[in-house]
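Q: Hey, can you walk me through this one? I'm new to reading structures.
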Amino acid sequence: MKKIFLVLAASLLTMGAAAQTTKANSEMMRQWRQTVQKRDISKRHLTSGIPQAAATKGEAKSTSGMPRTSFWFPGEWEEVQAVVVTPYYYYEPENHQGVNTWMADPLVPGVAQYYRYASGQWQEEGVGPYVAVLDNSSSFSDVAYYLMDAIQMGGAQAWVRVENFSDTTAVLNRLQNMGLRSSNIRFLEAPGNSFWYRDCGPICFYYGDGDTLGMLDFEYYPGRALDDSLPVYIERQFGLPNYTTMIEWEGGNCLVDGAGMVFSSDAIYGNNYDTYGQLTWNGSNPNTITYSTKPRLSNAQVKDSLEALIGPRATYIMTAFKYDGGTGHVDLYADMRDENTFVFSKMPGIYYNWHDYKVGVKNMDSLCSYESYFGDNYRSNFIPFPSTDNGGNFTSQSQYDSRYTRTYSNHTFVNNLIIQPCFSTVGSDGLPTAAWDRDNIEQLKKAYPGYTIYCVDVRDFDGSGGAIHCITKQIPAEHPIRILHNNLHGNTGTTYNTQDAHIEALINNVDGIAEAKVYYRIDSGEWHSVDMSMGPSCDGGPFICDLPTTGILNGEYTLIEYYISATSNAGKTITKPMTADQGGYFNFYLGNNPNPPVAIETVDAEQRFGQFAPNPATDDAKMIIDLAAGESYNVSIIDQSGRTVHTSSLQASGSIVYTINASRLAAGAYTVVFDNGGQRVARKLIVQ
C-alpha cells in the first residue's frame, strides 16, 4: 500500500540519454511503476512467494517499553530542531549495473529482489546483492535538495539519510551547485528502500518531568524492513531514545492536536488485521528471508492501543479516501494550524459526485464536531484545491487518481516556515509561475498567517498519493516552551467593550517560566504589552491577564491584534503564534466587522455546506457551514411526503457547526433545505 515505485521510476530517468528518449524505455518505466505499485497495494508476500515464519534474526530494535510517566505528543506547528529527509537512490543488481532492463528492490541489508524487463513486462529474477546509486541529476531528485535548503531556512537542521558516508560529498556539492544552503546538515548512514520518511519514521514525544524527547516506533508495513529500521539508526547514531510497538501504522495517517487527541483513517484497521510482520532473515543465507508473524488485531484493539499509546484524551478513526494512490492517509487533505483549528483541502463543488468528495466532506464535518482541549468545537479553515496544468478541472475521479492525486495540504511545518507543494515552475520570486497556481498559494497564505511559504514544484509526484509531508519527518525541539491557548477570534459584539478582554494560556517549560506577556495593538496602531500572572494553579498555569478594551470601540468595529510571548528561566523565548514576528497574530473585533478577513477560497454555496454526521442519526446531527458576513438562509426540514415539519432561519459569519436535534423528529428520511432567495442547497438526513 506504499509508494516505492516513484524512486524506481526516477532512477530509470538517469540511465543514459539515449535510453531516456526511446519509446521502449518509456513503456518500461510505465510498466515498472504499475508492477511495483500493484505489489505494494496488495502486500508483497502475495506475489513474491516469501514465506511466513517465526523470526530467526532481524534488525535489532530497542526492547524497552514506552515510558508510562506523563507524556505528550506535540503538534507539527510547534518548535522543531531538525527534519529527516533523504536524497533519492535507485538500486541495481550487483552483476547488472547500468543495464536499464534490470532493477533491484531491497529486501534486507545487502539482499534485493531482482527484476528483469522481458517480453513486455517486468519479471522477478531471484534475489542477490545490490548496489545503491545516488540519483544526483534528475529533476525528480531536485526536490530533496530544495527540502534540505528549506529546512535550514526554517531554522532547523536537515538530518540527511545516505546509504554510505562516501555519498555526503556529492550531496554537499549538489547543494552548493544549486546555490542552496549547506551549513546546517547532519548525515545519517542507513540502508533504505525508498524515501517516504513520514510513514516509516518515528513519531516523537516528550515524557517525564524533564520533557525528555523520545521516539515511538510503530511497525512499518511488511516488505520494507530497511525503511522500518530508520528509527533504529537514528537512535544508534544520534542517541535519541527509541521505543517500539507492534502496532502497524504509518505516519502520514497520524494527525495530533498537541493536547492528547489523535486522528487517523480506518486504513489502520486493515494494516493490523493480517498476521504478517516485517521481513527477517538469519543474516547470511537469502533463502532464510521470511516474514515474522504478529497477532491479528480487531478494530477495537487497534483503537484502544492508539488511545493508550498516543491519544489518551480521545482517538477518532475516520473513513479513508478510496482514490488517493492507495494510502488512506489523512495528511492528503487535513492539517492543523494550532490546537484549535483544522485547515482542510476541500474539493470544489463541481466534484460533488466523486466518492472522495463525499468522504472528505463527511470527515471534515465530523472533525469539527469534536471538542478541542478547551471544550469548544474545533474551528476550520479551508485552502484551495489544485487544478490541472492548464488551470482547469479534472474530468473524473479516475483521471485525478490515476494521474494526479494533487493536494496543497501535504506540506511540512519547519518552525515559522512551511515547505509548500505547488504544481508549476517556481519563479525567481519564490512563487509558482502558473497564474492559477500562484493565486491558490496566495489564498493559502491567508490560512497560515505570517508563515514564510517555501514553494517546491512536485509535479514529479503526481499520482503517487503523496508529496512533501510524506517525505519529511520533524524532530521536535529540546526543552520546549509549551503554550496552549484558546484564542479570541471573530466578531465579539459589545462583550469586550463593556469589560476588558480576558486572556488565558497554559504555559510551561522544564526550567520554569520567568516572564509571560501579551502584546497587543488597536486598529494597527502601536504595540503595547500586558504582563501575565500565574492563575490559581502553580503547575503550568493558567497564566492570565486582561487586555484594556473597555470603552475603546471606535465606530462600527475596532480591530484588536495580539500574541503571547513567554521566556523560560534559562532565557529561551517563544511566541504564540510562532509567526508573530512575521505578522502572524491572533485577532478579534470589538463590534461587528461586516467584512472580516476569511481564509477560504471563493466557493459557491454548494461547496460551503457540508454533510450531516452522524447520518443516520438518533440524537444530534451536525454539519459545517461556511457563511459570508451577514449571510442568512431560511431552513426547512421536509419529510418523505413533502410536508415541511420544521422551519427556522440561519444567520452567522464564518465557519459554524450547524446542529439538528434528530431525537425530536420521527424516524425516516428528511431533506433539509437552505434557501437565501438566490441559492438553494439541499442535504439528506436519515433519522433512526
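Q: How do helix H5 and helix H6 sit relative to each other?
A: The axes of helix H5 (residues 139-153) and helix H6 (residues 168-177) come within 10 Å and cross at roughly 80°. Helices are DSSP runs of H or I with at least four residues, strands are E runs of at least two, and both are numbered from the N terminus. Axes are lines fitted to C-alpha atoms, for helices over the stretch in contact, with angles from 0 to 180 degrees between N-to-C directions.

Q: Parallel or perpendicular, then?
A: H5 and H6 are roughly perpendicular, a label used for 65 to 115 degrees.

Q: Which residues make the contact?
A: From H5, Ser141, Asp142, Tyr145 and Met148; from H6, Val171, Arg174 and Leu175. Contact means heavy atoms within 4.5 Å.

Q: Is this a predicted model, or what is it?
A: This is a predicted model: local features need pLDDT of at least 70, side-chain atom pairs count only at pLDDT 80 or more, and totals for chains, interfaces and linings use all residues. Residues are numbered from 1 along each chain as its sequence is written, and side-chain values use heavy atoms, leaving out hydrogens and water.

Q: New topic: where is Tyr88?
A: Tyr88 is in the loop between strand S2 (80-85) and strand S3 (89-93).

Q: Buried or exposed?
A: Tyr88 counts as buried because its relative accessibility is 1%; buried means under 20% relative accessible area, with a 1.4 Å probe and protein chains only.

Q: And how many helices and strands does the chain have?
A: The chain has 15 helices and 38 strands.

Notes. Buried means under 20% relative accessible area, exposed over 50%, partly exposed in between (1.4 Å probe, protein chains only). Angles under 35 degrees count as roughly parallel, over 145 as roughly antiparallel, 65 to 115 as roughly perpendicular and the rest as oblique.
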